[in-house]
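Let's take a walk through this structure together. Have a look at it first, and then we'll go from one spot to the next.

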Amino acid sequence: MKFTVDQIATILQGTVNGDGSQLISGFDKIEEGKSGSISFLSNPKYESYLYETKATAVIVSKDLTLKQAVNTTLILVEDPYVAFTILLQKYQEMTAERETGISTHAIIESGVSVGNDIFVGRFACIDSHSSIGNATSIYNHVSIGKNVHIGDNCIIYPGVIIYKDTIIGNNVVIHANAVIGSDGFGHAPQADGTYKAIPQLGNVVIEDNVSIGANTTIDRATMGSTFIRNGVKLDNLVQIAHNVDVGANTAIAAQTGISGSTKIGENCLIAGQVGIAGHLTIAPKTIITGRAGVTKSIKQAGQVVGGYPAVNNTEYLKRSALIRRLPELFDQIKNIK
Amino acid sequence: MKFTVDQIATILQGTVNGDGSQLISGFDKIEEGKSGSISFLSNPKYESYLYETKATAVIVSKDLTLKQAVNTTLILVEDPYVAFTILLQKYQEMTAERETGISTHAIIESGVSVGNDIFVGRFACIDSHSSIGNATSIYNHVSIGKNVHIGDNCIIYPGVIIYKDTIIGNNVVIHANAVIGSDGFGHAPQADGTYKAIPQLGNVVIEDNVSIGANTTIDRATMGSTFIRNGVKLDNLVQIAHNVDVGANTAIAAQTGISGSTKIGENCLIAGQVGIAGHLTIAPKTIITGRAGVTKSIKQAGQVVGGYPAVNNTEYLKRSALIRRLPELFDQIKNIK
Amino acid sequence: MKFTVDQIATILQGTVNGDGSQLISGFDKIEEGKSGSISFLSNPKYESYLYETKATAVIVSKDLTLKQAVNTTLILVEDPYVAFTILLQKYQEMTAERETGISTHAIIESGVSVGNDIFVGRFACIDSHSSIGNATSIYNHVSIGKNVHIGDNCIIYPGVIIYKDTIIGNNVVIHANAVIGSDGFGHAPQADGTYKAIPQLGNVVIEDNVSIGANTTIDRATMGSTFIRNGVKLDNLVQIAHNVDVGANTAIAAQTGISGSTKIGENCLIAGQVGIAGHLTIAPKTIITGRAGVTKSIKQAGQVVGGYPAVNNTEYLKRSALIRRLPELFDQIKNIK
């Protein structure tokens, strides 16, 4: 599929600076730009590549002041990153080929209700009393337990395991080998040092527009539900324990773990390798920096927190700076003495 | 299934305070209590919910002094948490429907020995020279290698991969997509900077009553065995490296990693996101707090350790407190000067 | 398979000290040595076991000075660990039985090109426009998307999911339930607090001689490729984000995560539970110690770094030592005042 630079500029409501008749057939990062491809410049630290890129066209900010001549055609827009993202989305919409139909190698138990235009891949299994909405894709080797309800336009990638009683909304994407609804980690200690498993009788509820990464695990509730609310985005290898409630539009990066019964507010941003203790409440719009360990509830919305135990990030950075100055401090004390 | 409050009180050897003839048909957390459900109050910080819950009955401590009137029927017991756990277990025993039989879509190699009342799900594969004990359930898409021996009453959830030569005892539960017996991470550096894989010729031995979480990985030993002893409980996304030995009744929370050849004592409690270096020995009954990094053997049993590098937790908390006081210290020095 | 101690010594170019005619039929760790087995002593902290081991033979350094009499036959070599590794490799080569053939329960789409002597296990799926090289093994329940190219002599263990467009070289080993090519975590924030997924149109390229651990996840690039270069070794539960480039012969231990677009040099050694932020460059031969958090590019090759934020390890250790001395410091200030 090919477009001219002019056609692309029209889609993006941008202005062309250079030869708008050239053909674009692909995308590249600016440092890897090839003839026939389009790129973008958003982060100023990549600006030097603009003057050497081999990309046919580059989307740049309309406010950019060139420091030297460029060999590429420019498309000037308000926000180059947003514009490029729109372009990628348009491209994906135009090129996506969705398979439909149910593989003869899939096993769907009798009584399962399935919508229109669904796709079910090979060796996928859907157990009894479950339902699958319209235009949902279930890929190879997916295992869906009893009484699971999945909405419309979902994509369940290969190898995903969904335990019984799970409820999934519309437009949900779950990447390969994620596990939804396994037992919460609940074991009651006995007098002789052994443990007795506490039955995990609840379920997992995933609302609309949620995205879940590869090999992520979400445990079912002991009672009630573990909730992943509207628009939540979870990266790979994230752990969500039983009875956790992740608020709408919260994004959580890879390898972060949320302990049992913790309630995370809406629109939080949680970086990678963060740990959050159990039974806490995290206020909306909290930003938790990478590798932080949160041990207490965060009550005031909109804070940035970091460190372990996590505190307000300004305080954390101050402390880190003071730790770096410890040698100096020890020297001063020595001098004073 | 419905029971009266009186019937439940009899099971729990508790005393009813209120209308014992009411019917109970479900469980709820006290803050989410609904008419017809039973709840419990154990953690005092939830006491306020007792006075507003809509649950028909609540299990409370016989020593609880009410601060105001309640609208719910109380069952007074010694330990409400234990009592509630017993109730959940009774309920689970009474409602559990175990499937039996071998799916026509499963593949069991000739010569595999299988016990009575086993269940084998669709597209499960069991390789030659293996054996499965009585009343064990192997769910969909499980892959069991050659010469694997699994005992009685085990539950192997969908997508679990068990490599050759693994030995698994009785009453073992393994959650979805866990991997048992993959190669240990052993690569011998060569003079030219490349690596040569060190053959991993050992196996994994999992004793009785072990529970293993979703997407957890346990590597086979280089020689000999990686051991997961009696009653061990592993949460999700835990990493157990080659030749590790996890002592009986030790519980390990999510995303913790144990490096190669480390030997962990019995009845240890290891919190989430902990890391333990290789070739160490951890004394029995050690408690390792969340996100700690253990770099040295722990010789004295029964300690609580925390921080990185991990030290006795009292010492760790003292240091953390002093770090918080660093700004004050820097000020004092300035004043002295 | 049995060999005499003399035969083994010949293979290892070592010298026998004791009865070379004895038969060896297995391997053991020195502390678990049994009659008929061979062991090795490399780490001096295990030397005491040499004098009590029941192993028939032990490979030791030709420079070892015995502190007391031994009951076992010794094979004296230059480097006992290397020699033992060679022995394990010889044993593995001689005993390995590679299965070949394509299971009648596998599904290979028409038009897939397959080499000679391949093995494809049960319920494995290979999608259209893909190719598999000679002598490659694809185990049970593997799902390979469209347009995936896999080279010669690869081993893809059960449950591995490989998304479309992935390219894999020769001699690559991928352990069970790893996920290759899932979408990068890219979501553009919208004005109303929701996110819009940024299409991930790139792929993953895995070069030759790479080893990938169980449940590890490698995301496809937004544009271009995520690269895992020649000879890279990844342990279990590692996260490689979109557009990362891991340099040749770099080894990364379990549960480490590399954020998007970071470029790691050749021959780096990255320990377990490390986190590396996005858009960084790590110089070749960098050693990153366990649990370190790298927040800035590392420009000078060959450094050892540790801590969070990671700094030169000598500096990190100094700081840690000073933190341990904080109580003393607070006391001194009190005295001075």
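**A guided tour, starting with paired charges**

Asp63(A) has a relative accessible area of 59%, and because that is over 50%, Asp63(A) counts as exposed. Keep in mind as we go that this is a predicted model. The side chain of Asp63(A) meets that of Lys62(A) in a salt bridge, 3.4 Å from N to O. Lys62(A) is partly exposed, with 44% relative accessible area.

Why do such pairs turn up? Side chains of opposite charge can pair when their charged atoms come close. Across all chains, a search of the whole structure turns up 42 salt bridges. Another one sits in chain C, where Arg325(C) and Glu328(C) meet at 3.2 Å, N to O. Arg325(C) is partly exposed, at 37% relative accessibility, and Glu328(C) is partly exposed too, with a relative accessible area of 34%.

Now for a pair that links two chains. Asp127(B) and Arg122(C) meet through their side chains in a salt bridge of 3.6 Å, N to O. This pair crosses between chains: Asp127(B) belongs to the loop between β12 (125-126) and β13 (131-132) of chain B, while Arg122(C) belongs to the loop between β11 and β12 of chain C. Are these two buried or exposed? Both Asp127(B) and Arg122(C) are buried. Back in chain A, salt bridges also form a network, which links Glu207(A), Arg229(A), Asp245(A) and Lys263(A).

Stay with chain C for a moment and turn to the backbone. Most residues other than glycine have a negative phi, and most peptide bonds are trans. Phe123(C) has a positive phi of about 60°, although it is not a glycine. You'll find Phe123(C) in the loop between β11 and β12 (125-126) of chain C, and at 2% relative accessibility Phe123(C) counts as buried. Asp117(C) also has a positive phi, near 55°. Asp117(C) lies in the loop between β10 (113-114) and β11 (119-120) of chain C, and its 54% relative accessibility is why Asp117(C) counts as exposed.

What about the peptide bonds? The one from Tyr308(A) to Pro309(A) is cis, with omega near 0°. Pro309(A) sits in the loop between β39 (304-306) and β40 (311-312) of chain A. In chain B, the bond from Tyr308(B) to Pro309(B) is cis as well, with omega near -5°, and Pro309(B) is in the loop between β39 (304-306) and β40 (311-312) of chain B.

Rolling a probe the size of a water molecule over the atoms shows where empty space is left.

Finally, back out to the surface. Ile11(A), Tyr81(A), Val82(A) and Ile86(A) form a nonpolar patch there, with about 300 Å² of accessible area together. Helix α3 (residues 80-95) of chain A gives the largest share of this patch, 3 residues. Ile11(A) has its place in helix α1 (residues 5-12) of chain A, and at 37% relative accessibility Ile11(A) counts as partly exposed.

Methods:
Residues are numbered from 1 along each chain as its sequence is written. Chains are lettered from A and ligands numbered from 1 in the order in which they are written. This is a predicted model: local features need pLDDT of at least 70, side-chain atom pairs count only at pLDDT 80 or more; totals for chains, interfaces and linings use all residues. Side-chain values use heavy atoms; hydrogens and water are left out. Patches are made of residues with over 30% relative accessible area and no salt bridge: like charges are joined within 9 Å, nonpolar side chains (Val, Leu, Ile, Met, Phe, Trp, Tyr) within 5 Å. Accessible areas come from the Shrake-Rupley method with a 1.4 Å probe; for residues, only the protein chains shown count as cover. A salt bridge is a side-chain nitrogen of Lys or Arg within 4 Å of a carboxyl oxygen of Asp or Glu. Helices (H or I, at least four residues) and strands (E, at least two) are DSSP runs, numbered from the N terminus. Buried means under 20% relative accessible area, exposed over 50%, partly exposed in between (1.4 Å probe, protein chains only).
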